[in-house]
Amino acid sequence: MYINNDYVFKIADRKTELDQVHKLNYKTFVEEIPQHEKNAEGCLVDKFHNENTYIIALDGDILAGMVAIRARRPFSLDQKIPDLDSYLPDNKRICEIRLLSVGKAYRKGYVFYGLLKRLVKYGLENNYNYAIISGTTRQTRLYEHIGFKPFYHLVGKEGAYYQPMFITVDLLKKGIGKLLEETEGNITAKIVNLLPGPVEIHKEVKKEFAKPAVSHRDEIFKKDFLTTKKLLCKFLNSSEVEIFTGSGTLANEVVAGQLTGIGGYGVILSAGEFAERLEKIAQRHSLDFVVLRKDWGGVFTYDDIVDFLDKQDKEITWLWLTHCETSTGILNDLNMLKEICSERKIKLCLDCIGSVATVPINLSGVYLATCTSGKGIGSYPGLSMVFYHHAPAVSDRIPLYLDLGYYRLKNGIPFTIPSNLVYSLKKALELLLANNKFAGIAEVSSYLRKELNSLELNLINPEQNASPAVLTFALPGNISSKDFGLAMEKRNYLLSFNSDYLIERNWAQVCIMGEVTINYVDGFISDLREALRELY
């Protein structure tokens, strides 16, 4: 998989992509280069369409460029050059490259380079070592600069002449490297971000972040800030929310501050790194609590929780846990938790940092819940949120910066808050409410889970108890998860593997939290297989 900015380079495999291929084919080889006759449909279906493999560049859902490759004879040059075999070498795996076209709006950027790079990868994967092409005379100098060599006189007709050329796949690979060196600074390949955070961000969110900052006391900003809060509440079905400048851990500190005023005894459910962090926060706030603990990757059942609560000799007033334990990928059953807490009049508190905007969540019946801007919501890190339904009072016992009641008293803006982060969050929420992100995450997750299972990688979180956005797997004992993660980085993929708790267990993670589609992960599994072969 290769990606730069918003371009994805992949093999076309969807009807919407192929429809655009036919339209770009028409624009290029009918309207621009008059090789074929015009038609009313504005589409040109190639005569070898059913045999072509189309490598395409996408800008979002828009086709920016394409190239076709096929190895089945007869080639198109068979019809233009008598006895074509006499010009071709023996004992070579030969393919024909055709229909190379970049949309006019994309001809001064990365698209041409990215198409060739993906083309070479495909050629190597299929053991091709020799390629022929009918190069338009408009780009002969560029083809020769890359390494193509003419082997026959011009073919075609007036206005649409082509130069038959050849190249070895190895020379094409070197030519792409040369092109990269010459345009260094203009062509920068970016990695594919499959981290739990920071995540891949939508281009519209990036635009908001790039705008000039404004004062948090500006009247227009205060109005937009209130709109952002309303969008958050609408998205998660919460009555109220306060936004803090800081990470998700800060939001959980705010929750702990609120729990200090409740009294009684609490329970923390713990089966992973981030639930253990809740324990540490609770200890530092001197909360009275007990822990129901399972091994990492364990799942809490109704009977587990009820039996544990029944054994306590103190009144339980609150229950706190991670909705999605991101360190393992286990997703706890929210409806079951609500049922238990409602029956026993226990205040349910949730760390939803790993679950918001990755699975549908309804926070009705939840006393306090936390999330952040830089994970599933798909914005930049730096803001965290606490959701609630009651009217928290200001408390002198709580540090001012962590006092939920004080934020409510000050209409949510008691202190400076970065406008760029707020406007980015607002745009990300607007996109979430307009699109069904959950279906996309489920599609990518199902595909990756199936492929990871086929490689016999041990998935820690079984599908029935898993967040679709976090796939955690153990590497074979002879492969270090850190070595694996670094090998994937060399192939332009960012995975989660570098945390101490993952290294200790020899685990790695693929996370689907940001702007990730099925196209975005095209090529990931083949690169993963390659990395595993390298390390075995």
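Residues are numbered from 1 along each chain as its sequence is written. Because the model is predicted, local features need pLDDT of at least 70 and side-chain atom pairs pLDDT 80 or more, while totals for chains, interfaces and linings use all residues; side-chain values use heavy atoms, without hydrogens and water.

**Stop 1: cysteines**

C233 is buried, at 12% relative accessible area (buried is under 20%, exposed over 50%, partly exposed in between, with a 1.4 Å probe and protein chains only).

Next, select C511 and C324. Here the sulfurs are 8.5 Å apart, again too far for a bond. C511 is buried, with a relative accessible area of 0%. Across the whole structure the search finds zero disulfides (a disulfide is a pair of cysteine sulfur atoms within 2.5 Å).

**Stop 2: aromatic rings**

The structure holds 21 aromatic pairs. Rings of Phe, Tyr and Trp (its six-membered ring) pair if their centres lie within 6.5 Å; planes under 30 degrees apart are stacked, over 60 edge-to-face, and the rest tilted.

Select Y87 and Y152. Their pair is edge-to-face, with 5.3 Å between centres and 80° between planes. Y87 is in the loop between β4 (62-70) and β5 (94-102), and Y152 in the loop between β7 (149-150) and β8 (155-157), so the pair ties together parts 65 residues apart in sequence (strands are DSSP runs of E, at least two residues, numbered from the N terminus). Y87 is partly exposed at 36% relative accessibility, whereas Y152 is buried at 16%.

Now select Y130 and F166. This pair is stacked: 5.4 Å centre to centre, 5° between the planes. Y130 belongs to strand β6 (residues 130-136) and F166 to strand β9 (residues 160-168), 36 residues apart.

**Stop 3: charges over rings**

Select R505 and W296. The charged end of R505 sits over the ring of W296, 3.5 Å from its centre. Then select K347, which lies over the face of Y367 at 5.3 Å from the ring centre. The test asks for NZ of Lys or CZ of Arg within 6 Å of the ring centre and within 35 degrees of the ring normal.

Methods. Helix = DSSP H or I, 4+ residues; strand = E, 2+ residues; numbered from the N terminus.
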